[in-house]
Amino acid sequence: MALPLLLICATLLLLWLVKIVQKKYSYFSDRNMLSPTPIFPLGNFWKVLITVPFIEKINSFYKEFKGRAPLCGFFVLTKPVHLILDVDLIKNILVKDFYSFHDRGLYHNEHTDPLSAHLFSVNVIITPAIRKTKIFLSLSLRFFFRDYR
């Protein structure tokens, strides 16, 4: 009597977990965004642990979806990650919508790893006074990013 009941409960639990994972992996398709098909449990990064470096995998997503949409998405485990492909959209995010994206969730520790505390990782709201400094001038930004055009 107890064994069939235990099997039914285990089956229902397994079906419930599968449904949750399917719902998580339908994040981009629900929003009509381009995304490669994820594979449970590693999402789109199942080859990263075996052979391909992380940055090469992101670069392959960029090359695959560039020109087809302004942004695409992929999954790291079950977490959805957006990859912005359009230069104008990147400019809007970094300039006009900067205050909405000031907390990037990147690792930084100013005390033990001071090199990790750079402009794109710290959780600081950049004020207009800081934005008028030399680093934000368009000439210096063109110098830094001249190879990306």
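Tutor: Let us begin with a cysteine: Cys 9 is partly exposed, at 46% relative accessibility. Buried means under 20% relative accessible area, exposed over 50%, and partly exposed in between (1.4 Å probe, protein chains only). Cys 72, by contrast, is buried, with a relative accessible area of 0%.

The model is predicted: local features need pLDDT of at least 70, side-chain atom pairs count only at pLDDT 80 or more, and totals for chains, interfaces and linings use all residues. Residues are numbered from 1 along each chain as its sequence is written, and side-chain values use heavy atoms, with hydrogens and water left out.

Student: How many disulfides does the count come to?

Tutor: A disulfide is a pair of cysteine sulfur atoms within 2.5 Å. By this rule, the count is zero.

Student: How many aromatic pairs does a search of the whole structure find?

Tutor: Rings of Phe, Tyr and Trp (its six-membered ring) pair if their centres lie within 6.5 Å; planes under 30 degrees apart count as stacked, over 60 as edge-to-face and the rest as tilted. The search gives four pairs. One of them joins Tyr 27 and Phe 28 edge-to-face, at 5.0 Å centre to centre and 85° between the planes. Tyr 27 is partly exposed at 23% relative accessibility, whereas Phe 28 is buried at 1%. Phe 28 also pairs edge-to-face with Phe 75, at 5.1 Å centre to centre and 65° between the planes.

Student: Which residues form one aromatic cluster?

Tutor: The cluster consists of Tyr 25, Tyr 27, Phe 28 and Phe 75. Phe 75 is buried, with a relative accessible area of 1%.
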